[in-house]
Amino acid sequence: MTAKIAKSSGHAAPKSTVATLGVSLGALGVVYGDIGTSPLYALREAAKAAAGGGALSPAAAVAATSAIIWSLVVIVALKYALLILRADNRGEGGIMAMLAILHARAVQPGRSGLILLVAGLVGAALLYGDGAITPAVSVLSAVEGLKTDAPFLAPAVVPITICIIVGLFAAQRFGTAKIGRVFGPVMLLWFLAIALLGIGGIARAPHILVAFDPFIAIDFLRHAPFAVDAALLGAAFLAVTGGEAMYADLGHFGVGPIRLAWFALVLPCLLLNYLGQGALLLDNPSALASPFWKLAPGWAHYPLVAFATCATIIASQSIISGAFSLTRQAIQLGFLPRLRVLHTDAASIGQVYLPFVNTGLAIATITAVVTFGSSDALAGAYGIAVSLLMVITTLLAALIARQWGYALALVLAVNGAFLTIDLGFFVANSVKIFEGGWFPLAIAGGVALLMLTWRRGQQLVAAARACMRQSSDAFRADLKARPPLRPAGVAAFLTPSREGVPLSLSRLYALTGAIPEHIILLSIEILEIPAVAADDHVQLIAEDGYRRMILRYGFTEPVRVPAALDIAVAQGKLDAETVRDLVFYVGREAVIPSRAVLGMAYWREKLFAFMQRNAERPAAYFCIPPGRVIDVGTEIEI
């Protein structure tokens, strides 16, 4: 039976203009918080790069502004808003949705598709590196506004930033549903404010409008030394970091509201602010140290610092929430071990909190703040992870387009053009590896290693389990040869396979000579679609001597076995008395690394065994009441 896709219960398809505007307002805080705070530092870094370490010339100021304008237009408006948003998995976006479309988890070792899997998992891991850097650079750049009017406060910038970040991560356990309702309106005011600042700057030097000519930047890059070109492109790329959130949050808001918010408000406001900063630098090159803050009149500096801090907290919150969602999807698709997942809002499956991920990101973010100490220094670490992610996204989008039947020539022309641009930005950012770019890459490399090790280890365990598992016919033959005791009761044996007899059942019979009177073999399947319709969550198959129950979920859904059993009762597939008396038998597998068994490198086997021991217990992860669980242990060598 093929599971039907669940109808959206969120914002994917607003039916009226008012609804679309409302969803677009919500998207301002979640989708555009990161890119909306880039004006705090992006043009400053681009102009410094264009100046090449010397005095800022008018040509350099215009070229830096033009490079940022056209980076926004080409990368975010054309590539993401018009192209990448088309590569959705039944309305869901993000790197995991792409891997699900391409059936990456079915790739076997030695197959050519393994390169695809590795690339996809590296892309997912890069988001964790970005998640550690974004709060650090965003909050630092906002708090640094204090130094504009009060240089003596410079030593307090890092401690204040750390206090804000600690508070931000500490608040995650309470959920973001209530705070999230004000994200959109706050960011709306933020975008309008930076647009007004920009208009005031443009009035000082209207000549900056020539930056709309792309050949201004191209000509500057042609005549500048390679070091200046790389620095300028790498700095200009800071203006588009956060654009990838368009695709990652597709499932929450839908294509229409995301595009409407971008083209109607976000892009015009960003362009106005960058033009205003560029005009200020034309009029007053000495403002290079802080062009964003110099746009504001003196009386507005401290209120603007507070406002910018709120905006950067919103931007950071969006990144953190995205890391939680990404991790849960990776767990569901089998790329990470089960971690403790807390649902902070009963009305929304998307509101989740993962303590382990939250702690890890908090440590990484605070480490970045302490290690680099300023947004200037962090700019060297920022961008390289996102630029590589954009390269991988373009490649995966090309493969999806081919899978969906688009002509090879068209895919090569469109995706090839964007890939060339992405590679240019990646090369430009790669020169910053020793200036701090190593930091997010190190985080991403570590996470990618964990993902690949977990997936390969799971394959080895599944192969070992298959060799140990009895077939249904062999098990029935054993029961006839040695009839077991059949104490009254109903038992559900969790099994990852739809074939054969679970190890927990055969082990229980072998050790005790008894099995419960009524048996249900319970399998949980995670499909490569975002969600499954409630009517199709439960399938019950009668077999000789027991029943086999299959619970189906999409990769964005929480797995709640008691809720699925309630659905089975409502559909008449089980009676309420059976569900009330049900006892769950869960296999507890102890993985033993062995050099004698072919598999992974021994150190990776030990790493996998460590991850497996510390993973969340299946019963807890599947929300099964602990008082109704019996563990049955098995040792498996890999």
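## Chatting through a predicted fold

Q: Hi! What does S387 touch, not counting residues up to four places away in sequence?
A: S387 touches F237, F425, F426 and N429; a contact here means heavy atoms within 4.5 Å.

Q: What kind of model is this, and what pLDDT do local features need?
A: This is a predicted model, where local features need pLDDT of at least 70 and side-chain atom pairs count only at pLDDT 80 or more, while totals for chains, interfaces and linings use all residues. Residues are numbered from 1 along each chain as its sequence is written, and side-chain values use heavy atoms, with hydrogens and water left out.

Q: Thanks. Back to S387: which helix is that in?
A: S387 sits in helix α19, residues 384–403. Helices are DSSP runs of H or I with at least four residues, strands are E runs of at least two, and both are numbered from the N terminus.

Q: And is S387 buried or exposed?
A: S387 counts as buried because its relative accessible area is 1%. The cut-offs are under 20% for buried, over 50% for exposed, and partly exposed in between, using a 1.4 Å probe and protein chains only.

Q: Let's zoom out. How many helices and strands does the protein have?
A: There are 27 helices and 8 strands.

Q: How does the radius of gyration compare with a compact globule?
A: A compact globule of 638 residues would come out near 26 Å, and the protein has 27 Å, so the two agree. That radius is taken over C-alpha atoms, and the globule rule is 2.2 Å times the number of residues to the power 0.38. Along the principal axes, the C-alpha trace spans about 95 × 55 × 50 Å.

Q: What share of the residues is buried?
A: Buried residues are 55% of the 638. As for contacts with a separation of 6 or more, 83% of them join residues 24 or more positions apart.

Q: Now M187. Which helix holds M187?
A: M187 lies in α9, residues 177–204, and counts as buried because its relative accessibility is 0%. Outside the four places on either side in sequence, M187 is in contact with L28, G29, Y32, G33, A311 and I314.

Q: Which residues of α23 are buried?
A: In α23, residues 503–512, the buried ones are L503, S504, L505, S506, L508 and Y509.

Q: What do those buried residues of α23 pack against?
A: They pack against α21 (438–468), α22 (472–481), β3 (490–494), β4 (518–527), β7 (582–592) and β8 (629–637). G513 follows α23, with a positive phi near 70°.

Q: What is the phi of C623?
A: C623 also has a positive phi, about 65°, although it is not a glycine. C623 lies in the loop between α27 (618–621) and β8, and its 36% relative accessibility is why it counts as partly exposed.

Q: Last one: how many disulfides does the structure hold?
A: The structure holds 0 disulfides, where a disulfide is a pair of cysteine sulfur atoms within 2.5 Å. As for another cysteine, C467 is exposed because its relative accessible area is 71%.
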